[in-house]
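Here is a note for someone opening this entry for the first time. Please read it beside the sequence and the structure.

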Amino acid sequence: MIYCFYIGICLALIILQTTVLPNLPLFDRFYDLLIPFVIYLALYRAVREGLILVCFFGFIMDNLSGGPFGLYLSTYCWLFIGVKWTIKYVQVANKVLLSLVAVAGVLLENLIFLGASSIVGPGLVVGGDTVRIIVFQMIWALGTGPLFLILFRHLQYWFNNLVSGIFARRSNPGL
Amino acid sequence: MFSKKMVLIIGVIVLITVNIIVLSATSKRYTAFGFGHVAISLVAPFQEVVTRSIRFAKDLWKHYFFLVSLSQENIVLKDSLNQAIEDKNQWHETKLANTRLRSLLNFQKTLTNRVIPAEVIGIDPSAWFKTIIIDKGKSDGIEKGLPVVVARGIAGQIIETSNHYSKVMLIIDRNSAVDAMVQRSRARGVIKGESTGQCRFDYVLRKHDVKVGDTVVASGLDGVYPKGLRLGAVSELVKRDAEIFLEITVAPYVDFEKLEEVLVILNPQQHKFTSEP
């Protein structure tokens, strides 16, 4: 049940990212919306549960993207592992730190993409436009990253309450 | 023998190495080990519904709320129409001349282009890769490698298909390469995509005559794009003394930001040259 819920969120984010955002001015260079979700899974879910979902999201994104297969899969896995490792040493409960984690996630994804492109692709030219895109995405992540994390948390609570309500009604029809 | 920290560091290095090797292997060709079409089939129907809804809302806005500016636009359009009629007459003359010349050269068209229109329903989730998803697939006769065009010129090439959807790599993608030539001087080279949305025109020799503003068309020699289809205009030209090739930037004619409908050429035109008897 919980996996269906997460897959639903993943699909909604992918559709938002590939169909709605490109049509909105200013949002056409928005960062990958699955980054906050992967961070959320790393922060609040168990390793096994999170890793399965992260691999699934990576697989879907790799198939929708024109990059080498496995690029998103690798990025999400490294991001998940990185955040899991970070929270062993740093408490990331407050919103400022959440913003920084989101920014770090966006930066990590872009660095992996650029690194992979320069190693396995047709060569990389880091020009002003490349830097502009990355800075633009990081600013977006700084402002909206924690909001997404809070939203996911609220959705999770809402879903848990909904499921527990349904089960309570089934076990006690008088309610 | 090894400390825990050392094992961890070695483990991470091994993982990174394996990761790079796997990415190198998969970058050679677009592959999802046969499951690619499953993922596209899973997401594309939702993309289609959302895209159509957005387009419907946009059309509604354009047709009903923007009527105020229509009268002014009408005047401008009438002027453009007059200009277009004049241009059409000239083109008609050119077409007739072209027909005569082709018959002189015994230039035969063995196949006529059969095209299928498709709607763009999703774009690449990453800013670094330039691909789109269209709403036509194998069931419509689309195959990997077919060229995708719009009225303004070449858009890209099919790189993956599922039953009802296909993925198109645009010519501005860094992995794209189109054998091309300058329409005026017939100087040949290869058009490659750049992440900036522009294209590079590589391997054009210094001795060739190329000017800013020249139109670049497909040469047809790559076996993918029909000869003569427009790609873009030369926007920047650098001639270095030490280099044997020119550094050319080409601005594509197609506005990839506003790509909504495309045409897939099902049987790319093939030309057959016959020698004089």
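Which residue in the turn of the hairpin of β7(B) and β8(B) has a positive phi?

1. The residue is Arg186(B), with a phi of about 60°. The model is a predicted one, and this should be kept in mind throughout. Five residues lie between the two strands of this hairpin. Strand β7 (residues 177–182) of chain B pairs with strand β8 (residues 188–193) of chain B over five bridges, in the antiparallel sense. Within that pairing, Ala180(B) is opposite Gly189(B) of β8(B).

2. The antiparallel pairing of β8(B) with strand β9 (residues 199–202) of chain B covers four bridges, and Ile191(B) faces Phe201(B) in β9(B).

3. These strands belong to a closed barrel. Its six strands come in the order β7-β8-β9-β12-β11-β10 (chain B), and the pairing is antiparallel. From one strand to the next the twist averages 40°. On another side of the order, strand β10 (residues 215–218) of chain B is joined to strand β11 (residues 230–238) of chain B by three bridges, again antiparallel. Thr215(B) sits opposite Ala233(B) in β11(B).

4. Chain B is divided into domain 1 (36–108) and domain 2 (177–253). The C-alpha centres of these two domains of chain B are 25 Å apart.

5. The largest nonpolar core has 92 residues, and the members that touch the most others are Val38(A) and Leu231(B). Helix α2 (residues 34–44) of chain A supplies the largest share of this core, eight residues. Domain 1 and domain 2 of chain B each give the core at least three residues. In general, nonpolar side chains tend to be buried together in soluble globular proteins.

6. What surrounds Leu231(B), leaving aside its neighbours within four places in sequence? Its contacts beyond those neighbours include Val178(B), Ala180(B), Ile191(B), Val216(B), Val217(B) and Ala218(B). Gly153(B), Ile154(B), Ile171(B), Val250(B), Pro252(B) and Tyr253(B) are also in contact with Leu231(B).

7. Is α2(A) mostly covered or mostly open? Mostly covered: nine of its 11 residues are buried. Among them are Phe37(A), Val38(A), Ile39(A) and Tyr40(A).

8. Between the chains, 35 residues of chain B are in contact with 36 residues of chain A. On the chain B side, the elements giving two or more residues are α1 (4–27), α2 (36–64), β2 (115–123) and β3 (131–134). The largest share, nine residues, is from α2(B). By class, the side of chain B that touches chain A holds 17 nonpolar, 14 polar and four charged residues.

9. One loop residue deserves a separate look. Asn163(B) is in the loop between β5 (153–161) and β6 (166–170) of chain B. Why is Asn163(B) classed as exposed? Because 12 other C-beta atoms lie within 10 Å, and a residue counts as exposed at 12 or fewer. Apart from its neighbours within four places in sequence, Asn163(B) is in contact with Ser41(B), Gly137(B), Lys138(B) and Ser139(B). Asn82(B) is 81 residues from Asn163(B) in sequence and, C-alpha to C-alpha, 45 Å from it in space.

How values were computed. Residues are numbered from 1 along each chain as its sequence is written. Chains are lettered from A and ligands numbered from 1 in the order in which they are written. This is a predicted model: local features need pLDDT of at least 70, side-chain atom pairs count only at pLDDT 80 or more; totals for chains, interfaces and linings use all residues. Two residues are in contact if their C-beta atoms, placed from the backbone, lie within 7 Å. Ala, Val, Leu, Ile, Met, Phe, Trp, Tyr, Cys and Pro count as nonpolar, Asp, Glu, Lys and Arg as charged, and the others, Gly among them, as polar. Two strands pair if DSSP finds at least two bridges between them. Axes are lines fitted to C-alpha atoms, for helices over the stretch in contact, and angles run from 0 to 180 degrees between N-to-C directions. A nonpolar core is a set of buried Ala, Val, Leu, Ile, Met, Phe, Trp, Tyr and Cys residues joined through C-beta atoms within 7 Å. A residue is buried if 20 or more other C-beta atoms lie within 10 Å of its own, exposed if 12 or fewer, and partly exposed in between; C-beta atoms are placed from the backbone. Domain bounds come from an automatic or database domain assignment.
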